[in-house]
Amino acid sequence: MPKNPELRKVWEQRIADYRESGQTQVNWCKENQWSIHQFKYWLRKIENPIKNQGKSTKWASVTLEDHSQTVENSLRIEISGISIEVKPGFDPAFLSEVVRTLKSTC
């Protein structure tokens, strides 16, 4: 959490303006004359306030079930009532995006 709450409010508004613009981060920063590195720094600070307060990582338990009758291998991840099933050939980038979205909304 930044020491200056007014500066945080300014950056929260800038990030809201970026999201409303529909532009890429790079284009929005160029148009508004902001450094992309500074923008990403504040985006991380605002989107991950718990992580940025020095909190430790929380681990979830994993339970493996016997699905010996299942022909296709898969991995099911359940966190806080949300279930994701990953099958061979999955798109790692897509899974990463889904996890990031869930993390920011849960």
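**Close-up views of a predicted model**

**View 1. Crossing of helices α2 and α3.** The axes of helix α2 (residues 25-32) and α3 approach within 9 Å and cross at roughly 115° (axes are lines fitted to C-alpha atoms over the stretch in contact, with angles from 0 to 180 degrees between N-to-C directions; helices are DSSP runs of H or I of at least four residues, numbered from the N terminus). On the α2 side, Gln25, Val26, Trp28 and Cys29 make the contact, and on the α3 side Ile36, Phe39, Lys40 and Leu43 (heavy atoms within 4.5 Å). By class, this contact has six nonpolar, one polar and one charged residues (Ala, Val, Leu, Ile, Met, Phe, Trp, Tyr, Cys and Pro count as nonpolar, Asp, Glu, Lys and Arg as charged, and the others, Gly among them, as polar).

The model is predicted: local features need pLDDT of at least 70 and side-chain atom pairs pLDDT 80 or more, whereas totals for chains, interfaces and linings use all residues. Residues are numbered from 1 along each chain as its sequence is written, and side-chain values use heavy atoms, without hydrogens and water.

View 2. Lys9 pairs with Glu6 in a salt bridge, their closest N and O atoms being 4.0 Å apart (a side-chain nitrogen of Lys or Arg within 4 Å of a carboxyl oxygen of Asp or Glu). Both residues, Lys9 and Glu6, belong to helix α1 (residues 5-21) and are three residues apart, about one turn of the helix. The whole structure contains five salt bridges.

Terms used:
Helices (H or I, at least four residues) and strands (E, at least two) are DSSP runs, numbered from the N terminus.
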